[in-house]
Amino acid sequence: MACLQTHHPRLPLVLLLQFTFFFIINQFQSSVSATQKSLILPLKAQTVLPRGSASKPSDKLSFHHNVTLTVSLTVGSPPQRVTMVLDTGSELSWLHCKKAPNISSIFNPLLSSSYSPIPCSSPLCTTRTRTLLVPASCDPNKLCHATVSYADASSIEGNLASETLYLGNSSRPGTIFACMDSGFSSNSEEDSKTTGLMGLNRGSLSFITQMGFPQFSYCISGSDSSGVLLFGQESLTWLQPLNYTPLVQISDPLPYFDRVAYTVQLEGIKVSGKILPLPKSVLVPDHTGAGQTMVDSGTQFTFLLGPAYTALKNEFIQQTKGILNLLEDTNFVFQGAMDLCYRVPSSRPSLPQLPAVTLMFQGADMVVSGERLMYRVPGMMRGGDWVYCFTFGNSDLLGIEAFLIGHHHQQNLWMEFDLAKSRVGLAEVRCDLASQRLGLVD
């Protein structure tokens, strides 16, 4: 989730996808140990079209979760059903705790006997919140106060608390989250669809850290809206060996470096077989920490800092001459950051063959090819042509100092986030078949 300072904005979409997880294997143990069981969840996608999107594609930043990966679980005593957005780019988990015109789903702490607000004098408030982008403070009632701010001026705030969380038939008492009672969302329609957010980065307060799982993985299908989310480790004989790239870790605090993000080192970019002539200094964080490369499940597309984006854009244009027709409309920038768009005849059944783009990391490559390279702008036509945009955008146009690897380019990849060994692994796989092999779909 994109926060101010070192984080990225949750990016705007015209076509909203809602991925919903349902717990089906619940051998989750309440105690944390080296033998902790894994937890496998099926992933289903639902298309949601916001009002007015068919007639006027948005070019403004919207609130922080337009593409939502959501998990349904129960919280409190007695349990209350909540739906939480999964976000690898955020640490603090939170729930809406106060009704508002744009919020239809809330957690009511007054109905729970196990709800316990955290005082600001608690060591948890004074020490474990240090990795939050906005430091915790003390409210007039001497309770630990949390504020989450996003890059589009959206914000939400409330109090830290501990509560019992239920996963399947197991409970997890003392789970720390924020009970939010005020805030501003620039996309209230989408925000109303969920109760809160589950932070999954490497911070001490994140869900994955509190639950004690050494790793988690997901796989998103690009064809039939199915997929998998796996907490913990599982022996999958049908999965080919993963290629791993180490997480970049900087111990010294830097103003623009998120130390608990899943940061990897981008070493180069290829278009077809041609490596772009980019100096190393363009791809590594500078002395302020600006320029890190983050793998984020909550951002849809991939965004590159200016020099790298310009080089990729120019090379892609060069290699697609005679294959694609440029839109040639300088006034149109899709979602405020994607300015390479094309006209494709609506009579054409599929896109032509396009040069693959490869993101080169230390020890692993991410190949983006075929349909994942282009995104059709819903409802937008020029003459008899559809408008398609290149699925890489310019970070500079969003005002963010980072490279972001979005989930659109992670489709049909098994993505593993290994906290114990500080690495990210990936391997190509048919995610729809992965769901079938795990018995998650018929």
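This is a predicted model: local features need pLDDT of at least 70, side-chain atom pairs count only at pLDDT 80 or more; totals for chains, interfaces and linings use all residues.

Mentor: Let's start with the term: a disulfide here is a pair of cysteine sulfur atoms within 2.5 Å. Residues are numbered from 1 along each chain as its sequence is written, and side-chain values use heavy atoms, with hydrogens and water left out.

The structure has five disulfides. Counting bonded cysteines along the chain, they pair up as 1-6, 2-4, 3-5, 7-10, 8-9. For the background, the protein chain has seven helices and 29 strands; both are DSSP runs numbered from the N terminus, helices being H or I with at least four residues and strands E with at least two.

Now for the pair to look at closely. Cys97 and Cys179 are bonded, with their sulfur atoms 1.9 Å apart. The angle about that S-S bond is -120 degrees, a left-handed link. Cys97 sits in the loop between β5 (94–96) and β6 (116–117) and Cys179 in strand β10, so the bond ties together parts that are 82 residues apart in sequence. Both Cys97 and Cys179 are buried, where buried means under 20% relative accessible area, exposed means over 50%, and partly exposed is in between (1.4 Å probe, protein chains only).

Stay on strand β10 for a moment: that strand covers residues 170–184 and also holds Asp181. Asp181 has 40% relative accessibility, which means partly exposed. Leaving out residues up to four places away in sequence, Asp181 touches Lys98, Glu157 and Gly158, with a contact being heavy atoms within 4.5 Å. The C-alpha atoms of Asp181 and Ile156 are 7.7 Å apart, although 25 residues separate the two along the chain.

Cys125 is joined to Cys144, at 2.1 Å from S to S. The torsion about their S-S bond is about 85 degrees, so this disulfide is right-handed. It connects distant parts of the chain, namely Cys125 in helix α1 (residues 123–126) and Cys144 in strand β8 (residues 144–149), 19 residues apart. With a relative accessible area of 6%, Cys125 is buried, and so is Cys144 at 0%.

Then there's Cys341 with Cys389, whose sulfur atoms are 2.0 Å apart. That link is right-handed, with 95 degrees about the S-S bond.

Last, the whole-chain view. Of the 442 residues, 58% count as buried. Among contacts with a separation of 6 or more, 73% come from residues 24 or more positions apart. The chain exposes about 18,000 Å², and carbon and sulfur atoms supply 50% of that; accessible areas come from the Shrake-Rupley method with a 1.4 Å probe, and for residues only the protein chains shown count as cover.
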